[in-house]
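Q: I would like to go through the charged side chains of this model, and then one of its helices. Could we begin once it is on screen?

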Amino acid sequence: MLTLAIKLILAHIIGDFVLQPTKWVNHKLKNGYKSKYLIAHIAVHLAALLVVLQFNPTYFAGILGIIITHYGIDILKIKYTTKKNGSKLFIADQLAHLIVISFVVYCYAPFNIDIDLIYQPKLLLLLTLGFFVTFVTGILMRLFLQPWQDAIEPNAKSKTGKTKSTSLAGAGKIIGMLERLFVFGFILLNAWSAIGFLIAAKSVFRFGDLTEGKNRQLTEYVLIGTLLSFGIAIGAGLIFNYLEANIIKPA
């Protein structure tokens with residue numbers, strides 16, 4: 001079952017990403033179902049499926065089902081794609097293809113999804129601490145660092161009274177979440193050296209901001225935020241390792 005799933009996903013990646021030039025995508029969006037590259041795209045998928053499945057006639061019905069549904073899903077995506085919803089439809093499109101692949105795999109090799117696995121203590125603990133180091137910690141750090149953030153904000157304001165900012169909207173939040181998630185994962189894998197590499201990489205990228213601004217307050221603010229962020233993530237990872245080794249496993 002797993003081998004078949006991997007082969008079908010590999011064929012999908014080859015057809016949808018590796019062998020689909022941007023020129024094809026733009027032409028499909030402009031010409032819709034009339035695009036010659038839509039047929040070429042489907043042909044590439046067909047070829048990829050035949051190759052990875054080694055032209056095994058056992059899977060011909062499944063291949064036909066994937067090709068037909070892929071064509072239909074792509075037409076719907078092309079029809080309803082706009083500049084505003086392009087990313088959302090892309091995700092929906094890929095999920096739809098994966099659902100079809102899962103159904104085909106199930107038809108050839110029926111499998112059962114054990115819902116009880118989701119409620120295993122280890123997974124529940126992992127999810128709890130994972131959400132804590134990403135979402136909860138972000139809010140706690142914002143509240144804790146707010147007094148210092150107010151002190152280092154630029155004084156220049158727009159006519160509306162709002163502080164001007166050159167940062168991407170929400171970028172800092174995402175960076176912080178990913179940073180802590182990486183550290184948390186490294187602790188679980190006992191890869192302490194990787195944490196050092198992450199700190200070094202962040203220092204390099206932050207060096208330009210700190211030296212250009214020559215602002216001691218900004219330097220101190222960044223150091224406090226970094227140490228706090230890394231410290232919480234490391235603490236969460238150590239808690240997981242301790243509970244897994246001493247409480248969850250023995251039970």
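Q: How many salt bridges does a search of the whole structure find?
A: This is a predicted model, and the search finds 2 salt bridges.

Q: Which residue forms a salt bridge with Lys-122?
A: Glu-244 does, with the closest N and O atoms 2.8 Å apart. Glu-244 lies in helix H9 (residues 216-248) and Lys-122 in helix H6 (residues 121-152), so the pair ties together parts that are 122 residues apart in sequence.

Q: Is Glu-244 buried or exposed?
A: Glu-244 is buried, at 13% relative accessible area. Lys-122 is partly exposed, at 42%.

Q: What does Lys-202 meet in a salt bridge?
A: Its partner is Glu-179, at 2.8 Å from N to O. Lys-202 belongs to helix H8 (residues 192-213) and Glu-179 to helix H7 (residues 171-188), 23 residues apart.

Q: Now helix H1: which of its residues are buried?
A: Leu-4, Ala-5, Leu-8, Ala-11, His-12, Gly-15 and Asp-16 are buried in H1. They cover an arc of only 130 degrees around the axis, which puts them on the same side of H1.

Q: What do the buried residues of H1 pack against?
A: They pack against helix H3 (36-52), helix H4 (60-80) and helix H5 (86-108). The face turned away from the buried side carries the exposed residues Leu-2, Thr-3 and Val-18.

Conventions: Residues numbered from 1 in each chain as written. Predicted model: local features only at pLDDT ≥ 70, side-chain atom pairs only at ≥ 80, totals over all residues. Heavy atoms only, no water. Buried < 20%, exposed > 50% of the residue type's maximum accessible area, 1.4 Å probe, protein only. Helix = DSSP H or I, 4+ residues; strand = E, 2+ residues; numbered from the N terminus. Arc of directions from axis to C-beta. Contact = heavy atoms within 4.5 Å. Salt bridge = Lys/Arg side-chain N within 4 Å of Asp/Glu carboxyl O.
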